Amino acid sequence: MAAAPAPAPASASASATAASATEGPKIVWNEKQRRFETEDKEAYIEYVLVNDGKVMDILHTYVPHSKRGLGMASHLCVAAFDHAKSHSMSIIPTCSYVSDTFLPRNPSWNPLVSEDLKSSM
């Protein structure tokens, strides 16, 4: 009688679960509505472009109650900041979440803040 195959170690499935959890939600760029949003469009970060498209002014971040506390707003910010960085834009953090919470927690993004605002930060 052949021995049954050994089950996969628990750590392998746990690490796969942890890896998918750290990836976060898929955020898409909705250029027409000037926002980055979750695929279900329930959570989003809105912006306008100023200075001939060289500066992204982030106006508002919205996450519904059902998705709060999951880091969703931070994922939205990272998508917007990544986009700005890859397009050589600077950021105006008009949204209070971005200026008061995201940037203090993620100072590595401060170089993208518009030069005009850095002296007041």
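Trainee: Which residues does Asp57 touch, not counting residues up to four places away in sequence?

Mentor: Asp57 touches Glu46, Tyr47, Val48, Ile92 and Thr94, where contact means heavy atoms within 4.5 Å. This is a predicted model, where local features need pLDDT of at least 70, side-chain atom pairs count only at pLDDT 80 or more, and totals for chains, interfaces and linings use all residues. Residues are numbered from 1 along each chain as its sequence is written, and side-chain values use heavy atoms, with hydrogens and water left out.

Trainee: Where is Asp57 placed?

Mentor: Asp57 lies in strand E4; strands (E, at least two residues) and helices (H or I, at least four) are DSSP runs, numbered from the N terminus.

Trainee: Which side chain makes a polar contact with the side chain of Asp57?

Mentor: That of Thr94, at 2.4 Å.

Trainee: OK, new topic. Which residues of H2 are buried?

Mentor: They are Met72, Ala73, Leu76, Cys77, Ala79, Ala80, Phe81, His83 and Ala84. Buried means under 20% relative accessible area (1.4 Å probe, protein chains only).

Trainee: And what do the buried residues of H2 pack against?

Mentor: Strands E1 (27-30), E2 (35-38), E3 (44-50), E4 (55-62) and E5 (90-93), plus helix H3 (96-105).

Trainee: What comes just after H2?

Mentor: Ser88, which takes a positive phi of about 55°.

Trainee: Last one: what does Met56 touch, again not counting residues up to four places away in sequence?

Mentor: Among them are Phe36, Leu49, Ala80, His83, Ala84 and Met89.

Note on methods:
Buried < 20%, exposed > 50% of the residue type's maximum accessible area, 1.4 Å probe, protein only. Polar contact = N/O pair within 3.5 Å; in protein donor to acceptor, adjacent residues only side chain to side chain.
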